[in-house]
Amino acid sequence: MVAPPDNDVLWARALHVTHNGSPALTGVSLGVREGEILAVGGPRGSGKTTLLQCLSGQLLPQQGEVWFNSAPVHTMGPLVRERLRRDRFGWIDPQPHLVPELTAWENVALPLMLRGASHRVSKTAAQEWLDRLDIGLVARKRPHALLQAERQRVSIARALVTTPSVLFADEPTAPLHRADRAHVLRTLTTAARSHGITVVLATHDAEVATLADRTVALLDGRRVNTVHLPGSSDTQGVQGGQGGPTRAAGTSGTEGRAACSLSV
């Protein structure tokens, strides 16, 4: 077992995961620097969600290592990993999962109250994040009264309210219209940068990936040099990253989409 580089807040080596006998990740390695916004690109089914689940301790790889701040996540017990996710990580799903009985601000404040913060402190922090995400006026509304884009921004505020060390965002704008998608992503990345939050963002959209500092590409559970993504006509390949096996993009079965050059 080799310790990760000192400047990486997250580090994974040779991850292998199978689902029902089918490979989901095959030898994936990467590092994420503190404060970095890293996009994990690739078409649906390429292993992006599985990779984020391994990095966040939700899923243990069958083989390989995951480290957070020099602590081996892959050897932690379930309770320690649960505490790590609660105290240090944030997570955004493709669809907002809000508590329907709670108002928007109560949904955002919930993680703080579960940690034992007072009602006043939790409400103040929740309102501040709703204001930053341009939805402060919906604080007293329940989820059923909100637009889809507003619900997703509430879920983003909930993930950010604890100021996590790392925020994992799994296709956070997938259900949104184009204009809402761009606005929500710009707001998310701006908020993360202003608070020094590391972001690992899974996306199949090349335009979303351009908001990141760096992009790694997955295809069929492997890191690749070039991946087919919608939204780009750039066909220039790039140099591969940290030990990930390479594969020709033309064999991916995604013909008809434009090839996107990804900086690793």
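Thr187 is in contact (heavy atoms within 4.5 Å) with Arg132 and Leu133, leaving aside its neighbours within four places in sequence. Thr187 has its place in helix H6 (residues 178-194). Helices here are DSSP runs of H or I with at least four residues, strands are runs of E with at least two, and both are numbered from the N terminus. Thr187 counts as buried, at 11% relative accessibility. Buried means under 20% relative accessible area, exposed means over 50%, and partly exposed lies in between (1.4 Å probe, protein chains only).

The model is predicted: local features need pLDDT of at least 70, side-chain atom pairs count only at pLDDT 80 or more, and totals for chains, interfaces and linings use all residues. Residues are numbered from 1 along each chain as its sequence is written, and side-chain values use heavy atoms, with hydrogens and water left out.

The chain holds seven helices and twelve strands. Of its 264 residues, 51% count as buried. Among contacts with a separation of 6 or more, 71% come from residues 24 or more positions apart.

Helix H6 also packs with helix H5 (residues 148-160). Their axes are 11 Å apart, and the angle is about 15°. Axes are lines fitted to C-alpha atoms, for helices over the stretch in contact; angles run from 0 to 180 degrees between N-to-C directions. The angle makes H5 roughly parallel to H6. Angles under 35 degrees count as roughly parallel, over 145 as roughly antiparallel, 65 to 115 as roughly perpendicular, and the rest as oblique. The crossing of H5 and H6 is right-handed. A crossing is right-handed if the near helix is turned clockwise from the far one by less than a right angle, and left-handed if anticlockwise. On the H5 side, the contact is made by Ala149, Arg153, Ile156 and Leu160. On the H6 side, Asp180, His183, Val184, Leu188 and Ala191 take part. These residues divide into six nonpolar, one polar and two charged. Ala, Val, Leu, Ile, Met, Phe, Trp, Tyr, Cys and Pro count as nonpolar; Asp, Glu, Lys and Arg count as charged; the others, Gly among them, count as polar.

H3 contributes Ala104, Trp105, Val108, Ala109, Leu112 and Met113 to the contact. H4 contributes His119, Ser122, Lys123, Ala125, Ala126 and Leu130. The contact residues of H3 and H4 comprise nine nonpolar, two polar and one charged.

Helix H1 (residues 48-55) is largely enclosed by the rest of the structure, because six of its eight residues are buried. The buried residues are Lys48, Thr50, Leu51, Leu52, Cys54 and Leu55. Just after H1, Gly57 takes a positive phi of about 80°.

Aromatic side chains were examined next. A pair of aromatic rings is described by the distance of the centres and the angle of the planes. Rings of Phe, Tyr and Trp (its six-membered ring) pair if their centres lie within 6.5 Å; planes under 30 degrees apart count as stacked, over 60 as edge-to-face, and the rest as tilted. The count comes to three aromatic pairs. Phe68 and Phe89 form an edge-to-face pair, at 5.0 Å centre to centre and 80° between the planes. Phe68 lies in strand S4 (residues 63-68) and Phe89 in strand S6 (residues 89-92), so the pair ties together parts 21 residues apart in sequence. Phe68 is buried, with a relative accessible area of 3%. Phe89 is buried as well, at 6%. Trp91 and Phe168 form a tilted pair, at 6.0 Å centre to centre and 35° between the planes. This pair links distant parts of the chain: Trp91 is in strand S6, Phe168 is in strand S7 (residues 166-170), and they are 77 residues apart. Trp91 counts as partly exposed, at 23% relative accessibility. Phe168 is buried, at 0%. Ring pairs link Phe68, Phe89, Trp91 and Phe168 into a cluster.

Backbone angles complete the picture. Most residues other than glycine have a negative phi. Ala14, in strand S1 (residues 8-19), has a positive phi near 50°. Ala14 is partly exposed, at 25% relative accessibility. Glu171 has a positive phi of about 45°. Glu171 has its place in the loop between S7 and H6 and is buried, with a relative accessible area of 12%.
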